[in-house]
Amino acid sequence: MQSVLEDLFFGEIQPSICKNARAKKAGRIMDENEEILMKLLEGKEKKLFLELVNAQGEVNGSSAVENFICGFKLGVRMLMEGLSPDLK
C-alpha cells in the first residue's frame, strides 16, 4: 500500500503540474543519445550499457520519490510553524 505522497508522486493523484523546459530538453537529448548508442553497441558493451541505464533509472527513481516526500513534509512543517509559532 502506497502513501498518499507516493500516489501523488506517481500520478495517481494529479494536481496542476508545472513543466520544466530544461528538464524536458535534457530528457529528449538523453533519449536520442541512448537510441544512437543502442544501435552502435553490440554484445558485452551493449549489455553493460543497458545495465548502467537501468541501474541509473532505479537510483534516479528512488531518489526522486524520497526527495519529493521530504520536500512535501518540509512544506507541511513550515506551514504548521507559520500557523502556530509556538509549535516546534
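Close-up 1. E51, at 42% relative accessibility, is counted as partly exposed. Both E51 and K47 belong to helix α3, which covers residues 43-83, and they are separated by 4 residues, or about one turn of the helix. An α-helix has 3.6 residues a turn, so residues three or four places apart point the same way.

Close-up 2. K39 forms a salt bridge with E35, with 3.7 Å between the closest N and O atoms, and by the rule applied here the count comes to 2 salt bridges. K39 and E35 both lie in helix α2, where 4 residues, about one turn of the helix, separate them. K39 is exposed, its relative accessible area being 65%, whereas E35 has a relative accessible area of 49% and is therefore partly exposed, since the exposed class requires over 50%. Side chains of opposite charge can pair when their charged atoms come close.

**Close-up 3. A nonpolar surface patch that includes I36 of helix α2.** I36, L37 and L40 form a nonpolar patch on the surface, and together they have about 280 Å² of accessible area. I36 is located in helix α2, and its relative accessibility of 47% places I36 in the partly exposed class.

**Close-up 4. The start and the span of helix α2.** At the start of α2, a side-chain oxygen of N20 reaches to within 3.0 Å of the backbone nitrogen of R22. Helix α2 runs over residues 21-40, and its 20 residues, at 1.5 Å a residue, should span 28 Å.

**Close-up 5. Confidence along the predicted chain.** The chain has a mean pLDDT of 85, and 86% of its residues reach 70 or more. Within the chain, confidence is lowest in helix α1, residues 4-9, where the mean is 77, and highest in α2, where the mean is 92.

Note on methods. Residues numbered from 1 in each chain as written. Predicted model: local features only at pLDDT ≥ 70, side-chain atom pairs only at ≥ 80, totals over all residues. Heavy atoms only, no water. Helix = DSSP H or I, 4+ residues; strand = E, 2+ residues; numbered from the N terminus. Expected span 1.5 Å × (residues − 1). Polar contact = N/O pair within 3.5 Å; in protein donor to acceptor, adjacent residues only side chain to side chain. Patch = residues over 30% accessible without salt bridge, like charges linked within 9 Å, V, L, I, M, F, W, Y side chains within 5 Å. Areas by Shrake-Rupley, 256 points an atom, 1.4 Å probe, with all protein chains shown as cover. Salt bridge = Lys/Arg side-chain N within 4 Å of Asp/Glu carboxyl O. Buried < 20%, exposed > 50% of the residue type's maximum accessible area, 1.4 Å probe, protein only. pLDDT = per-residue confidence, 0-100.
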